[in-house]
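Please open the structure in your viewer and keep the selection panel at hand. The stops below proceed from the whole chain to a single side chain.

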Amino acid sequence: NEAIDKVKDIINEKNPELTDKEEVAKKIGIGAVIFAYLKNNRDRDIVFDWKEMLSFEGETGPYVQYTYARGKSILRKAGTVGGSIDYSKLSSKEEFELVKLLQGFNEAIMAAIDKFEPSLLTRYIIDIAEAFNKFYNIHSIINSEDEEVKKARIKMVEATCQVLKTGLKLLGIYVVEQM
């Protein structure tokens, strides 16, 4: 309950116009606590710190949930992409790094299962969020001048959102569509 209340305060400060604040705060607050415990190797001590746990920056649940919401916002603006996609148009270093990470999703899940270590999956999810944000901050997605590049990038955003959502769900954490 305290996590939810603290997230409500953050939402009221940063985005007071957000609809369904209560539900968003609940998903982020509970997700933050779960993520904080699961991101650490089970052999290590955990330092409980509200400020760090509820931060929207760094290696936290809210950071990953925010990344998902950012991706969904892009997809809402972009609309549906149809037709064939030329993925060879994804040629930058940032695009390559993100695609390479995305293809390792199954391996990350299997490693976490085989070693009984959820921190392997949380680490992977953090890496995806960081790679996506790096890509997002450098490259235009919707306003790309080349239509084929735009379509390939939108599909990459879709894949990123799907991996983040599924990965978080496996950890018992719900995503939010808007923040």
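Begin with the entire chain coloured by burial: buried residues, meaning those under 20% relative accessible area with a 1.4 Å probe and protein chains only, make up 42% of the 179 residues. This is a predicted model, in which local features need pLDDT of at least 70 and side-chain atom pairs count only at pLDDT 80 or more, while totals for chains, interfaces and linings use all residues. Residues are numbered from 1 along each chain as its sequence is written, and side-chain values use heavy atoms, with hydrogens and water left out.

Switch to the C-alpha trace, which spans about 45 × 45 × 25 Å along its principal axes.

Now show the cartoon. The chain has eight helices and zero strands, where helices are DSSP runs of H or I with at least four residues and strands are runs of E with at least two, numbered from the N terminus.

Finally, select residues 147–170, helix α8, and within it Lys 151. Is Lys 151 buried or exposed? Lys 151 is buried, because its relative accessible area is 15%. Leaving aside residues up to four places away in sequence, Lys 151 touches Val 81, Gly 82, Ser 84 and Ile 85, a contact being heavy atoms within 4.5 Å.

Definitions and conventions. Buried < 20%, exposed > 50% of the residue type's maximum accessible area, 1.4 Å probe, protein only.
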